[in-house]
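Welcome, and please have a look at the fold below.

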Amino acid sequence: MFEKLETAYKGKKVLLTGHTGFKGSWMLKILSMLGATVKGYSLAPENDFDLYYTIKGDEICDSVIADLRDRKTLLDTIADFQPDIVFHLAAQPLVRLSYDIPAETFEVNAIGTANVLDGVRLLNKPCYVVLITTDKVYHNNEWVYPYRENDRLGGYDPYSASKACAELVIDSYRNSFFNLAKYDEHQKSIAVGRAGNVIGGGDWAKDRLIPDIVRALSKNEKVVIRNPYSIRPWQHVLEPLFGYLLLGSYILNEPVKYATAYNFGPGLNDALPVSTMVELAIKSWGSGDFEVVSSATQPHEAGLLKLDISKAITELKWTPTYSAQIAIEKSIAWYKHYNSSPETIIEFTEKQIREFIGE
């Protein structure tokens, strides 16, 4: 896979929004290994120990620190860089935080996406775009059936709804400005990647499972979980990232055929309850315990969510590599290495990427 992607991206000018975030930093590292010329656009990392600094992100990309809502700076960045391909990962990504800042969440996730697409619309050159939303864009019926790409979109919480709004924005731009029937005129192709709950080393965000587990276990404290029976499609962060890159390589070659949405999730057996994931993490860590804390004021979060990935398997020849258990083991191994040998964490990160692709 690596050689195929290297052929697609080596020397390409890639605009990566959200490059300072958890997923974005892993994506940046992979793109640098593939030989792409990357310009990043994102807010500054929140902490000096964030993954972006850990991998020395400033040395492997030209970084623009700005907000998606800063329309002029974003459009100027796109116009000046003249990207060949855009990966749009920047977002307000937290469900619980979206209850505290709902309007800002809608602005960043929906209007921010429109601003990115406006920048692409104004380019006088071919450009290919992979926009990243989430598995939570689907109207969740809390049923056992996995959601397919043509299922109804919706969202209970502000985060989910904002991402569903972003999908409507994307669809509008695809119809109005990047219509596939007129591709030869505009030469723009936009596709969508929808992924589930990703885990992996270097995630330090609040209110996310693995960072909460690592923080507790590092202090010899009990892991506190809110929704032990909630079922999520867990996957290692490298799973969807290589899916996005694969999708990007396909639209580079056949921009009309692949300008659509794809689910990137684990196998159905890896949609596991939170409690099981915590138990697996504690086992990988080597010690620890957890407790369940309930609150009557706790905001609503989906209880059951699964993705149907048959479209990505059939059309992109993409399949999950790691089980949820291996994803947990790889994630915990990263944090343990970071704690014991931080001076070699870049090499360890590269090693995990090469292990994932079978090198």
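## Terms and model

In this report, buried means under 20% relative accessible area and exposed means over 50%, with partly exposed in between (1.4 Å probe, protein chains only). Helices (H or I, at least four residues) and strands (E, at least two) are DSSP runs, numbered from the N terminus.

This is a predicted model, in which local features need pLDDT of at least 70, side-chain atom pairs count only at pLDDT 80 or more, and totals for chains, interfaces and linings use all residues. Residues are numbered from 1 along each chain as its sequence is written, and side-chain values use heavy atoms, leaving out hydrogens and water.

## Helix α11

Let us start with α11, which covers residues 274-285. Its 12 residues reach 16 Å from first C-alpha to last, close to the 16 Å expected at 1.5 Å a residue; the expected span is 1.5 Å times one less than the number of residues. Buried here are Val274, Ser275, Met277, Val278, Leu280, Ala281, Ile282 and Trp285.

The cover over these buried residues includes α9 (209-218), α13 (324-340) and the strand β12 (271-273), where contact means heavy atoms within 4.5 Å. After α11 comes Gly286, with a positive phi near 110°.

## Helix α4

Helix α4 (residues 71-81) buries Leu74, Leu75, Thr77, Ile78 and Phe81. Viewed down the axis of α4, these residues fall within an arc of 155°, so they line one face of the helix; the arc is that of the directions from the helix axis to the C-beta atoms. Lys72 and Asp80, on the other side of α4, are exposed.

The buried residues of α4 pack against β1 (13-17), β2 (37-42), β3 (62-65) and α6 (102-121).

## Two nonpolar cores

A nonpolar core is a set of buried Ala, Val, Leu, Ile, Met, Phe, Trp, Tyr and Cys residues joined through side-chain atoms within 4.5 Å. The largest has 85 residues, and Tyr9, Phe87, Leu245 and Leu316 have the most contacts inside it. Helix α10 (residues 238-253) gives the most to this core, with 10 residues.

Apart from this core lies another, of 26 residues, including Phe81, Ile170, Phe178 and Val192.

## Thr133 in its loop

Thr133 sits in the loop between β5 (127-132) and α7 (158-176), yet Thr133 is buried, with a relative accessible area of 8%. Not counting residues up to four places away in sequence, Thr133 touches Lys163, Glu167, Ile170, Val192, Gly193 and Arg194.
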